[in-house]
Amino acid sequence: MQQSGSMQPEAEPTPPQVQQAGRDETSALLASLPMDTVNHWLREMMLIREFEVRTMQAYQDKKIGGFCHIYIGQEAVAVGTIAAITPEDPVVTAYRDHGHALARGMDPKYCMAEMYGRIGGCAKGKGGSMHMFDKANNFFGGHGIVGAQCPLGAGLAFATKYRDEVINKERSKHVTLCFLGDGALNQGAVHEAKNLAGLLDLPVIYIVENNGYSMGTAISRGTTVGHEITRKADAYGIESAVIDGLDVLSVYRDMKPLVEHCRQTSRPAFVDMRTYRFKGHSMSDPRKYRTKDEEAQYELLDPIARLSKAMINNQMLTDERFKQIGKEVRQEVREAIKWSVASKPPGKDELYKDVYVEKWGPYTGTSLPEMLGGDES
Ligand SMILES: Cc1ncc(C[n+]2csc(CCOP(=O)(O)OP(=O)(O)O)c2C)c(N)n1
Ligand SMILES: [Mg+2]
């Protein structure tokens, strides 16, 4: 039998980095963009970072319970990709979802109140950290089952295409962004979704936020051809790109034409978005599976520091203004926390609301199972 091990490189660093934009390239990119846009991206990334720092503190103080996955380090991905679509385009993601919700326009107070388990939260405090949802901003969650959002991404793209082409008799004009982690690549549902997207010409872009780890498992240990995951798109005839996810300018530069191509052709795409999570997998992860040196190496590529330095070098930002934005986002998050604390926990009357069983009402007769108070086994 042929050895498939030859497909893996010998000692691939984890996670693999991508060619970074040089100083001149960055300056040219900055010059090509409206100043307000770049300022907005910087502020958004800083808001997400501050939101996550305060979330971690509140979690440690036991104000937030349940699972909680922090997005620090990956801010440029949500901000740069969402900047490349329109507010009408659907977005769906996994459980590391606070950054996407905020970048999509959710008010931080609804996001924070959800984390605090309060009725004012976007899911009435019944979903928590992993289940942000904001229909008004076309943000469809927030999903805790690894890979489960990928068939939903295909479904959302099918829905927009059907509405545009069949109901409205127009050209398909929407693009869905479906985010997933590198670990999700090994889930069956992801492959079925890619197959359907390719087969049915669905305008969905699968963005793998490749932070190199699935919990404590490095991509090279858990995933075949982990050094070149775009080959997993080739297998389905889906176009792909590798993007520096630690640089918001590169993310936008590379995503914008890809989004427009998918919009025009009504075809799917796949992105290997190289990034790094600066914190643990979840709040209970001591990070023993990676070295301090590796973490330090990636922290040098901090997306906020990279953008702010580039802006300062190009006379688009001053140290004072940078500090001022820091103050503003701290205030915004403080207010979100204050609002969340003032919001009440959901009452008992909420228990059976928004759950499927409500539609049919309680069972009658003897078919009620014991766990629901019935007397039959
Ligand atoms: C179907 C399923 N299997 C296992 C888990 C447990 N689990 C939660 S997160 C995770 C790792 C996923 O890693 P990745 O997709 O790379 O995303 P990241 O956490 O790096 O953002 C696993 C295995 C789950 N939630 N769902
Ligand atoms: Mg990962």
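A residue of this model is called buried if 20 or more other C-beta atoms lie within 10 Å of its own, exposed if 12 or fewer do, and partly exposed in between, with C-beta atoms placed from the backbone. By that count A28 is partly exposed, because it has 14 C-beta neighbours inside 10 Å. The model is predicted: local features need pLDDT of at least 70 and side-chain atom pairs count only at pLDDT 80 or more, while totals for chains, interfaces and linings use all residues. Residues are numbered from 1 along each chain as its sequence is written, and chains are lettered from A and ligands numbered from 1 in the order in which they are written.

**Overall make-up**

The protein chain contains 14 helices and seven strands, where helices (H or I, at least four residues) and strands (E, at least two) are DSSP runs numbered from the N terminus. Of its 377 residues, 45% count as buried. Two residues are taken to be in contact if their C-beta atoms, placed from the backbone, lie within 7 Å; among contacts between residues at least 6 apart in sequence, 77% join residues at least 24 apart.

**The sheet and strand β2**

Five strands form an open sheet with parallel pairing, in the order β1-β2-β3-β7-β6. Its edges are β1 (91–92) and β6 (239–244), each of which pairs on one side only; two strands are said to pair if DSSP finds at least two bridges between them.

| Strands | Sense | Bridges | Opposite residues |
|---|---|---|---|
| β1 and β2 | parallel | two | V91 and L177 |
| β3 and β7 | parallel | six | E209 and M273 |

Strand β2 is largely enclosed by the rest of the structure, because six of its six residues are buried. T176, C178 and L180 point one way from β2, whereas L177, F179 and G181 point the other way.

A nonpolar core is here a set of buried Ala, Val, Leu, Ile, Met, Phe, Trp, Tyr and Cys residues joined through C-beta atoms within 7 Å. The largest such core has 89 residues, of which C178 and I205 touch the most other members. When residues up to four places away in sequence are left out, C178 touches V92, Q149, C150, G153, V204, I205, Y206 and I207.

C150, one of those contacts of C178, is found in helix α6, which covers residues 149–167. C150 counts as buried because it has 28 C-beta neighbours inside 10 Å. Again without residues up to four places away in sequence, C150 touches C178, L180, A184, A189, V190, A193 and Y206. The C-alpha atoms of C150 and Y206 are separated by 7.7 Å, although the two residues are 56 residues apart along the chain.

**The ligand shell**

Around ligand 1 there are 14 residues, and the closest are V146, G181, G183, A184 and S214; a residue is near a molecule if its C-beta atom, placed from the backbone, lies within 6 Å of it. This shell has five nonpolar, six polar and three charged residues, where Ala, Val, Leu, Ile, Met, Phe, Trp, Tyr, Cys and Pro count as nonpolar, Asp, Glu, Lys and Arg as charged, and the others, Gly among them, as polar.

**Helices α1, α2 and α12**

Helix α12 (residues 303–313) has P303, I304, R306, L307, S308, A310 and M311 as its buried residues, and what covers them includes α1 (23–31), α2 (35–60), α3 (75–82), α10 (248–265) and α13 (319–342). Helix α2 has 26 residues and reaches 38 Å from its first C-alpha to its last, close to the 38 Å expected, a span defined as 1.5 Å times one less than the number of residues.

**Backbone features in the loops**

Helix α2 is followed by K62, which has a positive phi near 65°. Q315, in the loop between α12 and α13, has a positive phi near 55° and is exposed, with 8 other C-beta atoms within 10 Å. K169, in the loop between α6 and β2, likewise has a positive phi near 55° and is exposed, with 7 other C-beta atoms within 10 Å. The peptide bond from G141 to G142 is cis, with omega near 25°, and G142 lies in the loop between α5 (108–115) and α6.
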